[in-house]
Amino acid sequence: MVERFDTILCINVLEHIEDDQGALRRFAEIAEPARAHVLIFVPAVEAAYGNLDAALGHYRRYSRRRLARMFDAAGLDLHVLKFTNPIGLLGWMFNTYVTRNSAHSPRQIGLFETLVAPWALPLERVVPAPVGLSLVAVGRPRPHHP
């Protein structure tokens, strides 16, 4: 007997799994069909992939289209798919293409947490981000028909 779950939550995990499609398919298989949610938080914008991603062990970053197709192929109906943290993307791109660093400095993190996050993250609840550092996706397994 397969154990079923009503919630599957992955925060910055899928990008570390070589067979990410297989993992998402497995999540759909173990999700309780009638009421489960599969929530995924992954790095966005494939063009932002660089030294920092490689240092963190990321195989990839995701586009909206790619993640939507993955959910569909896994048998998950997508209910939410949105970008988050557009300003964080600027910092990520700066480190990827300008400084070519493989880590954020403590100073960068401190500036973001004190000067940006207090106003930018609540603003996203009101104004949807057109692009961002991450994607949030929520899906539900499709009913199985014999």
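Accessible areas in these legends come from the Shrake-Rupley method with a 1.4 Å probe, and for residues only the protein chains shown count as cover. This is a predicted model, in which local features need pLDDT of at least 70 and side-chain atom pairs count only at pLDDT 80 or more, while totals for chains, interfaces and linings use all residues. Residues are numbered from 1 along each chain as its sequence is written, and side-chain values use heavy atoms, with hydrogens and water left out.

**View 1. Overall architecture of the chain.** The accessible surface of the chain comes to about 8600 Å², and 60% of this area belongs to carbon and sulfur atoms. Five helices and four strands are present, arranged along the sequence as β-α-β-α-α-β-α-α-β. Helices (H or I, at least four residues) and strands (E, at least two) are DSSP runs, numbered from the N terminus. Of the 146 residues, 38% count as buried; buried means under 20% relative accessible area, exposed over 50%, and partly exposed in between (1.4 Å probe, protein chains only).

View 2. A salt bridge is a side-chain nitrogen of Lys or Arg within 4 Å of a carboxyl oxygen of Asp or Glu. Asp-20 is buried, at a relative accessible area of 6%, whereas Arg-66 is partly exposed, at 30%.

View 3. Arg-142 meets Asp-72 in a salt bridge (2.4 Å, N to O). That pair joins the segment after strand 4, which holds Arg-142, to helix 3, which holds Asp-72, across 70 residues. Arg-142 also forms a salt bridge with Asp-77, the closest N and O atoms being 2.8 Å apart. Here Asp-77 belongs to strand 3 (residues 76-84), and the two residues are 65 residues apart. Relative accessible areas are 27% for Arg-142, 48% for Asp-72 and 32% for Asp-77.

**View 4. A nonpolar surface patch.** Trp-119, Leu-123, Val-126 and Val-127 form this patch, with about 420 Å² of accessible area together. Patches are made of residues with over 30% relative accessible area and no salt bridge, like charges being joined within 9 Å and nonpolar side chains (Val, Leu, Ile, Met, Phe, Trp, Tyr) within 5 Å. Val-127 lies in the loop between helix 5 (106-126) and strand 4 (134-141), and is partly exposed, with a relative accessible area of 47%.
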